Amino acid sequence: MQSMNVLEQLAYYFAHNGMYVLEQFSRHFLISIYGVLLAAIVGIPIGILIARYRKLSGWVIGIANVIQTIPSLAMLSIIMLGLGLGVNTVIVTVFFYALLPIIKNTYTGMVNVNRDVLDAGKGMGMTRIQVLRLIEIPLSLSVIMAGLRNALVLAIGITAIGSFVGAGGLGDIIIRGTNATNGGAIILAGALPTALMAIIADLVLGFFEKRFDPSTRKAKQA
Amino acid sequence: MRKHKLFKLTLLFLSLVTVLSGCGFPGLSSSSKDTVKIAAQNTTEQQIMAAVIQQMIEHYSDLNTAVISNLGSGTVSFQAQKRGDADLTAIRYNGTDMQTILNESGETDPAKVDQIVRKEFKDKYHMTYFPSYGFADTYQFMVTQKFAKEHNLNTVSDLKEVAPSMKVGIDQIWMNRKGDGYDDFQKQYGFSFGRVYPMQIGLVYNALASGKMDAVLGYSTDGRIGSYNLKLLKDDLHYFPPYEASVVVNDSALKRHPQLKGILRRLDGKFPLKTMQKLNYQVDNNLQEPAVVARNFLKQHNYFERSDD
C-alpha cells in the first residue's frame, strides 16, 4: 500500500469498500434530510405565523439566531446529555440549526408578498386560508425553497460531526482516516463524497428554487 | 368551512410530527424496539468486532442493528451501556474493567480477574460477560529491532538505563489511568521516561517505525507489529493485568431478545491472537473498512454455521 500514491490509494479504497461508502452516504443523507424535514414541519408554520403577527417576529428570529451561534460540537454535546448517544441526537441537532434559515426565509417571503395582490384576493372574497394557500405561499415558495437549500447544505456539514456521538455517516470514514496509518486516502474517501453531496443538494434545490420563482414562471407561460 | 379546513391542517401537521418522531426514522434503525445497539470504541479491533456482531445478528435473526461507533474509551462505552444507549459493547477487556470500572487493582491472575469481573458485572450492573473471543489484548512496550540491539533490550526492566533520555509515545487513555496507568507504572518499575507523548493509539506504531519515537506502548494485537517487525519487550514484573477480550451484554437486552445469546456464543474462541492480528492488519494497512473485513471473514467461515450449542 505504501508504494501507491494518494490517488491510487483512493481508487483502491473505493474498489474495495464501495458498498460501504454507499451505505454511509445514504445514511449521511437520510440523517440530514430528516433533520431538515422536521425543521421544515415546525419552521414553516412558525414563519407564516410570525409574518401574520409581526410583533412576535423579533423574538422568534432572535431566539433562532441565538441557537445558530452555539458551536455545533457544543450543541451536539448538550443534546447528547438529554438524548444519549446515537443517531437521534444528531437529527435533533440538525433540526435546531435548520430552523433559522427556514423560519427567516418563510417570514421574508411572506412579508414581501405585494399588498395589492393580497387586497385583490380579499376583494374577490377569499377566506384567510385561501389567501394563504392561493396567493401567499405560491408567491413566497421560491424564497422558502432558498431557506431549505441553505438548511440542507448546513445540515450535511453538521451530520459529518455527528460521528463523534456514534451516529455513523461519512464522518465515520473521515475519523477512521485520521486514526489509520497513512490515512490520507481514507480521509479523502470520506470528505469528497460529503462535499459532493452538499454540492448536489445545492444544485437540485437551486433548480427547484428557480422553478418556483414567480417571475420566471410568468415568463414561461407568456 | 373555514374552521373545518384549519382543523384538517392541524391534524395533518400533528400526524406528520408523530410519524416522524414517534417510531424512529426509516432507514436509520434508530429508536425502534427491536434494534440492538452495539457500542464500539475508536480502535480498529473494536470496530471490526462491532461489524462482526452486527452481521452475525442480521444473518441469524430479523433484529435491526445500529452501531454506535468512535467512543473515546471503555468508560464511555460502559456509561452508554449503563444508561441503555447501547445494549452491548463489542469488546470489553476484563483487566481494564477491573481497574477502571470496578476500581480494584492488584489482582493479576487471569482466572481470578475473569471470575471477579464476571461476578461483579452481573451483580452490580446486570451485564453479562460472555466467554472470551479467544485473544487477550494487552499493553506492551515495543521498540525497533535496531534500538533493541543497540541497547540490548529484552524486558521492560532493561529500559531503566536508557529511559531518562528516551522519547516514548503512549496511548492517551493510559496516561491518566488509575491502577495500571503511567503513575503506578513509575512506582512499580522505579523509573520514568525522559519525555512522554500521549497520542491516539493508532498512530504510535507509525511514529515508532519512522523513528519519531524511541519506544511506544501499543496493543499486542495490532497487525502493524508484524509489518514493521517491531520488538516487544516482556513485562517482567507482570505490571499489566491480562485483558481478555469478550462481548458484554445488558441482561435486559438478553431478556428482550433471547436469540441474542445463541448468536453471540457462536463467536466464543473463534478469534485467536493470530487471526485478530491479521484482521487488524487488513484494516490498518490494506485500506479496507472494518465492515468489509468482517464480511469477508464471516463469509469465509460460513458465519460459524456449525457451532450450534
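**From values to terms**

Mentor: Chain A has 9 helices and 0 strands, and its pattern along the sequence reads α-α-α-α-α-α-α-α-α. Please keep in mind that this is a predicted model.

Trainee: How many helices and strands does chain B have?

Mentor: Chain B comes to 14 helices and 10 strands.

Trainee: What are the spans of the C-alpha trace of chain A along its principal axes?

Mentor: They are about 75 × 45 × 20 Å for chain A. For chain B the corresponding spans are about 90 × 50 × 40 Å.

Trainee: Why does Asp116(A) count as exposed?

Mentor: Asp116(A), which lies in helix α5 (residues 115–123) of chain A, has 8 C-beta neighbours inside 10 Å. The cut-off for an exposed residue is 12 or fewer, so Asp116(A) counts as exposed.

Trainee: What share of each chain counts as buried?

Mentor: A buried residue needs 20 or more other C-beta atoms within 10 Å of its own. In chain A, 43% of the 222 residues count as buried; in chain B, 42% of the 309 residues do.

Trainee: What makes helix α4 (residues 87–111) of chain A roughly antiparallel to helix α6 (residues 128–161) of chain A?

Mentor: The two helices pack at an angle of about 155°, and their axes are 8 Å apart. Angles over 145 degrees count as roughly antiparallel, and therefore α4(A) is roughly antiparallel to α6(A). The crossing of α4(A) and α6(A) is right-handed. The contact of α4(A) with α6(A) involves 15 nonpolar, 9 polar and 2 charged residues.

Trainee: Why is helix α2 (residues 44–60) of chain B called roughly perpendicular to helix α13 (residues 273–285) of chain B?

Mentor: Their axes come within 10 Å and cross at roughly 100°. The range for roughly perpendicular runs from 65 to 115 degrees, so the term applies to α2(B) and α13(B). On the α2(B) side, Thr44(B), Glu45(B) and Ile48(B) meet residues of α13(B) that include Met276(B), Leu279(B) and Val283(B). The residues of this contact divide into 4 nonpolar, 2 polar and 2 charged.

Trainee: Why do β2 and β4 (127–129) of chain B stand at the edges of their sheet?

Mentor: That sheet is open, has 5 strands in the order β2-β1-β3-β10-β4 (chain B), and shows mixed pairing. β2 and β4 of chain B each have a single partner strand, so one side of each is left without a neighbour in the sheet. On average, and with direction ignored, neighbouring strands of this sheet are turned by 30° against each other.

Trainee: How do you know that β4(B) and strand β10 (residues 245–250) of chain B pair?

Mentor: Pairing requires at least two bridges. β4(B) and β10(B) pair over 3 bridges, in the antiparallel sense, and therefore meet that requirement. Within β10(B), Val248(B) is the residue opposite Tyr129(B). Helix α2(B) packs on this sheet, where it touches β1 (35–41), β2, β3 (88–93) and β10 of chain B. The direction of α2(B) makes about 165° with that of β1(B).

Trainee: What makes strand β5 (residues 139–144) and strand β8 (residues 215–219) of chain B a pair?

Mentor: They are joined over 4 bridges in the antiparallel sense; at least two are required, so β5(B) and β8(B) count as a pair. Tyr139(B) stands opposite Tyr219(B) in β8(B).

Trainee: How many residues of the two chains are in contact?

Mentor: 36 residues of chain B are in contact with 34 residues of chain A. α1(B) gives the most to the side of chain B that touches chain A, with 7 residues. By class, that side has 16 nonpolar, 12 polar and 8 charged residues.

Technical notes: Residues numbered from 1 in each chain as written. Chains lettered and ligands numbered in written order. Predicted model: local features only at pLDDT ≥ 70, side-chain atom pairs only at ≥ 80, totals over all residues. Axes fitted to C-alpha atoms, helices over the stretch in contact; angles between N-to-C directions. Parallel < 35°, antiparallel > 145°, perpendicular 65-115°, else oblique. Contact = placed C-beta atoms within 7 Å. Nonpolar A, V, L, I, M, F, W, Y, C, P; charged D, E, K, R; others polar. Left-handed = near helix turned anticlockwise from the far one by under 90°.
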